[in-house]
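Please open the model in your viewer and keep the sequence panel beside it. The tour below goes from one selection to the next and says what is found at each stop.

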Amino acid sequence: MFRTIKLRLPYDSSLLETGRQFREACQMVLDYGFAEKTYNKNKLNRATYEDVRKKIPALPSALVQTARDTASESLKQTDLGKEIRRKSLTIRYDRRTFRFYPDARTISLTTVHGRLVFPIANSPLIEKYRGEYTNAQVAVDAKQRKMFVMIQVEVDKEIERKVDGEEKVIGIDRGMKNVAVLSNNRFFNSKALKSVKGRYRYKKKKLQHAGTRSAHRKLRELSGRERRFVLDTNHVISKQIVNLPFNIFALECLESAGMRKKKKGRRFNHELGSWSPFQLERFIRYKAEDMGKAVVCVNPKYTSQKCSRCGFIDRNNRKGSIFHCRNCNFQLHADLNASRNIEVLGKSEYFRLPSTSQSLRFDESMPTGMVETSSKPLPSGRGS
Ligand SMILES: [Zn+2]
């Protein structure tokens with residue numbers, strides 16, 4: 001499985017310059033790809049490699065190639081639909097261009113001034129996630145004069161993850177109306193989040209309608225602000241959740257249920273993007289693991305139709321936010337009923353897992369893709 005560790009780097013002018021040249025190389029490929037309507041890596045490489053080397057001779061060949069890959073992915077993400085102006089100074093590294101030395105707390109990176117070794121800040125994550133260091137990204141924040149390296153680690157699947165202390169499971173239901181509803185009757189409902197989103201949607205519509213250049217710029221700023229707001233909210237909520245006196249958090253595996261793939265409508269994806277239960281899940285997972293707690297995935301099938309008291313399953317049990325069992329007459333808030341089902345499923349999922357010793361083992365037998373929140377390649381620094 002893959003994990004990403006983020007570590008602070010000293011602010012360095014060679015890396016800054018490398019970031020600038022990397023961005024320039026990216027931009028050349030982006031421009032060509034957009035003009036010629038292609039994101040095919042081979043085509044892009046054949047058409048741009050020589051030009052990029054000529055124009056940016058100090059940028060090492062291996063970085064020219066990762067810049068081309070980054071550009072190709074950005075083109076693919078936008079479906080060649082719009083011109084991309086790359087702002088980010090993020091540099092992408094692979095096995096050829098970086099080497100991480102966890103014991104020495106150093107990292108060597110290819111730069112425009114050759115291969116350089118940098119000290120990195122210590123972090124408990126270095127010990128926690130030992131393994132093969134496959135990819136990395138250096139993020140440069142020129143305004144704040146800060147640099148970070150995100151290192152992708154492939155850790156052994158058999159890694160043992162005990163939870164500290166007695167196992168206490170809680171179920172978490174995520175939804176459109178409530179950000180999260182917990183089986184201990186706690187609701188995480190962000191009114192602020194909802195009203196902010198409504199406001200943004202209204203403003204966006206107006207701006208989209210205007211269609212001018214400045215409207216476009218404002219639109220970009222707006223979506224950036226919205227994204228940061230959702231990010232902050234998810235950070236706050238996930239932190240409150242993992243700090244509760246429970247050490248096993250049961251969640252539905254939305255992604256493995258094919259939720260994203262099935263409903264491909266643009267509007268739906270947009271809603272998902274700003275609602276972002278995936279992000280919430282990722283945050284809960286990381287924060288929980290850092291605290292020696294665990295997350296289990298449960299099958300989302302029937303969690304909202306099943307009565308958490310008698311187990312009777314019927315589609316008609318749920319009407320909007322009300323759960324009313326057709327069998328035993330039990331009534332409850334629908335999300336709360338779902339979270340209780342998730343808790344029960346989480347318990348059986350957790351305790352069914354094979355354990356060779358008294359200590360509980362987490363071999364991640366759930367479908368990959370969901371279990372691994374940071375799936376293979378690191379997201380490329382996007383152009384917009
Ligand atoms: Zn019932």
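Which residues are buried in H2? In H2, the buried residues are Leu44, Thr48 and Val52, where a residue counts as buried if 20 or more other C-beta atoms, placed from the backbone, lie within 10 Å of its own, as exposed if there are 12 or fewer, and as partly exposed in between. Before going further, note that this is a predicted model, in which local features need pLDDT of at least 70 and side-chain atom pairs count only at pLDDT 80 or more, while totals for chains, interfaces and linings use all residues. Residues are numbered from 1 along each chain as its sequence is written. Helices (H or I, at least four residues) and strands (E, at least two) are DSSP runs, numbered from the N terminus.

**First stop: helix H2**

Select residues 41-55, the 15 residues of H2, and compare the ends: the first and last C-alpha atoms are 20 Å apart, close to the 21 Å expected, the expected span being 1.5 Å times one less than the number of residues. Thr48, one of the buried residues of H2, is also where this helix bends by about 45°, the bend being the angle between axes fitted to the seven residues ending there and the seven starting there. An α-helix has 3.6 residues a turn, so residues three or four places apart point the same way.

Keep H1 selected; its 24 residues should span 34 Å at 1.5 Å a residue, and because its end C-alpha atoms lie 35 Å apart, the two values agree. The buried residues of H1 include Leu15, Phe22, Arg23, Ala25, Cys26 and Val29, and the cover over its buried residues includes H2, H3 and the strands S2 (91-93), S4 (106-111), S6 (132-141) and S7 (146-154).

From Ala67, leaving aside neighbours within four places in sequence, look for its contacts with Phe22, Ala25, Cys26 and Val29, a contact being two C-beta atoms, placed from the backbone, within 7 Å.

Strands pair if DSSP finds at least two bridges between them, and S8 pairs with S11 (residues 248-252) in the parallel sense over four bridges, with Val169 opposite Ile248. S8 and S9 (residues 180-182) run antiparallel, joined by two bridges, and a hairpin of six residues connects them.

Finally, follow Ala250 in S11: this residue is the bridge partner of Gly171, and in S12 its own bridge partner is Val296. S11 and S12 (residues 294-298) pair in the parallel sense over five bridges.
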